[in-house]
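Please read it alongside the sequence and the coordinates.

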Amino acid sequence: MKKLALLICTTFVVFSCKDGKKEAIENNDSNDTISSIHIEPTQEDVGLWSGVFVADSVDYEKGDNWSIRNRISIIIQKINNDNTVEGYSVSAGNIRPFKGDLVKEGNSRYVMANEPGDHKYDGTFKFNISENDDSIYGTWISKRKDLPVLSRKFSLKKTEFIYNPKNILVQPKYGTDEEYADEYDNIDWVNSKKEKYDEMDGEEYFIYVNRAASDEIYKINGSTQKLTEKQLKNLHKLDLEIIRNTIYARHGYTFANRGARQFFDNVNWYVPLYANVEDKLSPTEKENIALLKRFEKYATDNYQQYGR
């Protein structure tokens, strides 16, 4: 299943408080990014490619405050006559410009481009452009060696962002006849909660539990219909958050909050492009967001234990 890599890092293991050993990753930091500059796509852009941005080289001793995979968009705005390239990337709440060179070797073309280096998560891109421009693939190398993620890899498809209010989360299926739902897609893996499990021989044992969403996140669309209190009153807080954030995701909002973006990293229609989409929301969406936020204040969460 696609969550295998994530499960490896977030399997919740019983541990003893006596020796202080913690085998499970607890990460309550909701924002691991920096403030973004604001760049808007234009009609003159050469191309937009989007897909998954996966941690390739990680120094685990430098902390667990990082994401295995994020969604990334790379936009090339200009290829100048001297083969210099200008563009920007959008990922995890950051919109960062880059400049570099288009290098041609036989029938192949690749880009070497640098982000400015004045922000924590800046780095260097090296990626090939397919012969028909429909995909790019390559690596990003961090300019900082004191951070956990030293490099990421990506293989992105060329796309065109089109807002579609009917886009909705779909629960993945697996099995020969796709008869089983991927239950792990409903889980908030970022914001774990520690609960006492048992006490033996003077030692206290704890487990990590996680918020679980219901299947309503696949049914309720806050962009196409005006939501009612009746629809929302029995939902858990995580349900409400995901339904609200799906409205933003449809408009190409890039989430700085890891707890929010984890539900969209593997969604094919999700293309992060903007740091602010307030001016793009419809009147219905604005009303629904306000209603969802009101219910979120008083809603509770459903915590469950997950692991292998």
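The points below cover the model, its barrel and its aromatic pairs.

This is a predicted model, in which local features need pLDDT of at least 70 and side-chain atom pairs count only at pLDDT 80 or more, while totals for chains, interfaces and linings use all residues. Residues are numbered from 1 along each chain as its sequence is written, and side-chain values use heavy atoms, with hydrogens and water left out.

**Confidence and overall content**

- The average pLDDT of the chain is 84, and 81% of the residues score at least 70; pLDDT is the predictor's confidence in each residue, from 0 to 100.
- Residues 1–35 have a pLDDT below 50, yet this stretch has 93 contacts in the model beyond near neighbours in sequence; a contact means heavy atoms within 4.5 Å.
- Where pLDDT is low, the predicted coordinates should not be read in detail.
- The chain holds 5 helices and 14 strands; helices (H or I, at least four residues) and strands (E, at least two) are DSSP runs, numbered from the N terminus.
- Of the 308 residues in the chain, 47% are buried; buried means under 20% relative accessible area, exposed over 50%, and partly exposed in between (1.4 Å probe, protein chains only).
- Among contacts between residues at least 6 apart in sequence, 60% join residues at least 24 apart.

**The barrel**

- Eight strands form a closed barrel in the order S2-S3-S4-S5-S6-S7-S8-S9, with antiparallel pairing; two strands pair if DSSP finds at least two bridges between them.
- From one strand to the next, the twist averages 30°, where axes are lines fitted to C-alpha atoms, for helices over the stretch in contact, and angles run from 0 to 180 degrees between N-to-C directions.
- Strand S6 (residues 108–114) is joined to S7 by 6 bridges in an antiparallel arrangement, and Asn114 stands opposite Thr124 in S7.
- Strand S7 (residues 123–129) pairs with strand S8 (residues 135–142) in the antiparallel sense over 7 bridges.
- Across that pairing, Lys126 stands opposite Thr139 in S8, and Phe127 stands opposite Gly138 in S8.
- The hairpin of S7 and S8 has 5 residues between the strands, and Asp133 there takes a positive phi near 70°.

**Aromatic pairs**

- The whole structure contains 13 aromatic pairs; rings of Phe, Tyr and Trp (its six-membered ring) pair if their centres lie within 6.5 Å, and planes under 30 degrees apart count as stacked, over 60 as edge-to-face and the rest as tilted.
- Phe53 and Phe154 form a tilted pair, at 5.9 Å centre to centre with 55° between the planes.
- This pair links distant parts of the chain, 101 residues apart, with Phe53 in strand S2 (residues 47–58) and Phe154 in strand S9 (residues 149–158).
- Phe53 is buried because its relative accessibility is 6%, and Phe154 is buried because its value is 5%.
- The ring centres of Phe161 and Tyr274 are 6.1 Å apart and their planes lie at 75°, so this pair is edge-to-face.
- Phe161 lies in the loop between S9 and strand S10 (173–174) and Tyr274 in the loop between helix H4 (258–261) and helix H5 (283–296), so the pair ties together parts 113 residues apart in sequence.
- Phe161 is partly exposed at 22% relative accessible area, whereas Tyr274 is buried at 10%.
- Ring pairs link Phe53, Phe98, Phe125, Phe127, Trp140 and Phe154 into a cluster.

**Charges over rings**

- Arg152 lies over the face of Phe53, at 5.5 Å from the ring centre; a charge sits over a ring if NZ of Lys or CZ of Arg is within 6 Å of the ring centre and within 35 degrees of the ring normal.
- Lys280 lies over the face of Tyr274, at 4.3 Å from the ring centre.
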